Amino acid sequence: MKWSLLAVVITHTIFSTGVHSHILRGSPVNSLCDELIHPAGYSCTEHTIQTKDGYILALQRVASRNQNLRLQFGPPVLLQHGLFMAGDVWFLNSPEESLGFILADHGFDVWVGNVRGTRYSYGHVTFSQTDKEFWDWSWQDLAMYDLAEMIQYLHSIANSKIFLVGHSQGTIMSFAALTQPHVAEMVEAAALLCPISYLDHVTAPLVERMVFMHLDQMVVALGLHQINFRSDMLVKLVDSLCEGHMDCTDFLTSITGKNSFFNASRLEYYLEYEPHPSSVKNVRHLFQMIRKGTFAQYDYGLLKNLLIYGLSKPPEFKLSLIPASLPMWMGYGGNDLLADVTDVEHTLAKLPSKPELLYLENYGHIDFVLSTSAKEDVYKHMIQFFRAKRRSSNL
């Protein structure tokens with residue numbers, strides 16, 4: 001019961017409201033290109049890269065249905081997904097509603113990132129998914145290795161600076177990676193949806209409860225390393241939690257805040273793709289941030305901190321190190337209980353620059369990626385921001 005509560009609390013995805021299983025066991029069997037992008041009529045190619053610590057990651061490159069726009073590649077843009085998601089989240093709505101398709105149709109050279117552990121990037125040169133070492137990472141590794149390697153790869157292919165888009169955990173990764181000068185110099189501008197760096201004002205009721213109960217530490221004590229919602233154990237536990245114990249139709253609000261603009265009739269379809277696996281260590285790192293109110297590296301405890309960092313406490317990521325010259329745009333919502341407005345303001349106060357802001361009072365955490373009205377509410381403003389930063393392009 002406690003394990004299923006932990007799983008439900010920290011996911012940023014959606015649970016079915018039907019009478020059958022709340023998490024579907026099935027999952028896509030083909031590549032992201034074959035599953036979602038080619039069927040919509042878009043050109044898509046698969047790419048793989050290897051991180052410095054040995055993980056094999058998948059990237060997809062997406063081209064518009066209008067091939068006249070693709071005679072010359074436009075500005076490269078990398079889409080970085082959030083926690084328990086993968087690159088498929090940018091394509092789960094129609095081509096007229098999904099950011100990945102919209103950017104391609106506006107002439108951008110769209111690249112889709114998939115971090116380690118997701119079903120599209122499930123590989124390592126040495127470890128298998130059953131090895132505990134495979135899951136020994138948190139979001140700081142996703143930032144320092146996965147995202148940094150993706151940006152380097154795109155920069156080398158395009159031979160130009162890139163645009164970066166992140167959602168939720170993708171923004172934590174972006175902030176951390178951009179404090180590294182060699183990464184920041186390859187990025188022309190960043191657009192961050194539901195930006196997160198500080199988390200001490202998270203007000204989602206179930207998240208607060210699980211953090212207070214220290215369920216992340218209990219899970220570690222049980223020797224578990226992976227959070228995989230598609231395992232039989234988690235499917236049964238979450239079902240037992242929902243049936244007769246809690247109202248699963250209201251789970252999403254309890255976890256993320258109210259989401260008003262996504263199409264609830266597509267829940268079953270979304271669940272064919274989400275959620276993806278993540279590591280227990282990653283979740284524990286996020287819980288540390290909520291408890292401590294810091295934007296810092298993983299806390300191993302006093303002795304191991306001294307061994308790894310040479311300090312009793314883990315070093316903080318200093319947002320002041322992100323170049324003031326790097327243009328940034330942020331979209332955030334008043335109904336988002338994960339990227340709380342107070343925490344967003346804390347982030348803004350630490351940055352050396354003043355990002356352009358889009359505040360939508362009625363938007364929740366999931367609305368920014370799955371809203372049926374996001375094209376007008378959010379994405380057109382993001383595209384205008386990118387165009388303004390690349391006036392010399394052919395867009």
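Trainee: Is Leu303 buried or exposed?

Mentor: Leu303 is exposed, because its relative accessible area is 70%. Here buried means under 20% relative accessible area, exposed over 50%, and partly exposed in between, with a 1.4 Å probe and protein chains only. Please note that this is a predicted model, in which local features need pLDDT of at least 70 and side-chain atom pairs count only at pLDDT 80 or more, whereas totals for chains, interfaces and linings use all residues. Residues are numbered from 1 along each chain as its sequence is written, and side-chain values use heavy atoms, with hydrogens and water left out.

Trainee: Which helix holds Leu303?

Mentor: Leu303 belongs to helix α13, residues 302–308. Helices (H or I, at least four residues) and strands (E, at least two) are DSSP runs, numbered from the N terminus.

Trainee: Which residues form a nonpolar patch on the surface with Leu303?

Mentor: Leu302 and Leu306 form it together with Leu303, and the accessible area of the three comes to about 330 Å². Nonpolar side chains (Val, Leu, Ile, Met, Phe, Trp, Tyr) are joined within 5 Å, like charges within 9 Å. Areas come from the Shrake-Rupley method with a 1.4 Å probe; for residues, only the protein chains shown count as cover.

Trainee: Changing topic, where does UniProt place the "active site"?

Mentor: The unreviewed UniProt entry places that feature at Ser168, Asp336 and His365. They span 198 residues in sequence, yet no two of their C-alpha atoms are more than 10.7 Å apart, so they gather at one spot. Such annotations may be inferred rather than shown by experiment.

Trainee: Where is Ser168, and is it buried or exposed?

Mentor: Ser168 sits in the loop between β5 (162–167) and α5 (169–178). Ser168 is buried, with a relative accessible area of 0%.

Trainee: Why is α5 described as largely enclosed?

Mentor: Because 10 of the 10 residues of α5 are buried, the helix is largely enclosed by the rest of the structure. Among them are Met173 and Phe175.

Trainee: And what does the side chain of Ser138 join?

Mentor: A polar contact of 2.8 Å links it to the side chain of His285. Such a contact is a pair of N or O atoms within 3.5 Å; within protein, one must be able to donate a hydrogen and the other to accept it, and residues adjacent in sequence count only if both atoms are side-chain atoms. Ser138 is buried, at 0% relative accessibility.

Methods: Patch = residues over 30% accessible without salt bridge, like charges linked within 9 Å, V, L, I, M, F, W, Y side chains within 5 Å. Salt bridge = Lys/Arg side-chain N within 4 Å of Asp/Glu carboxyl O.
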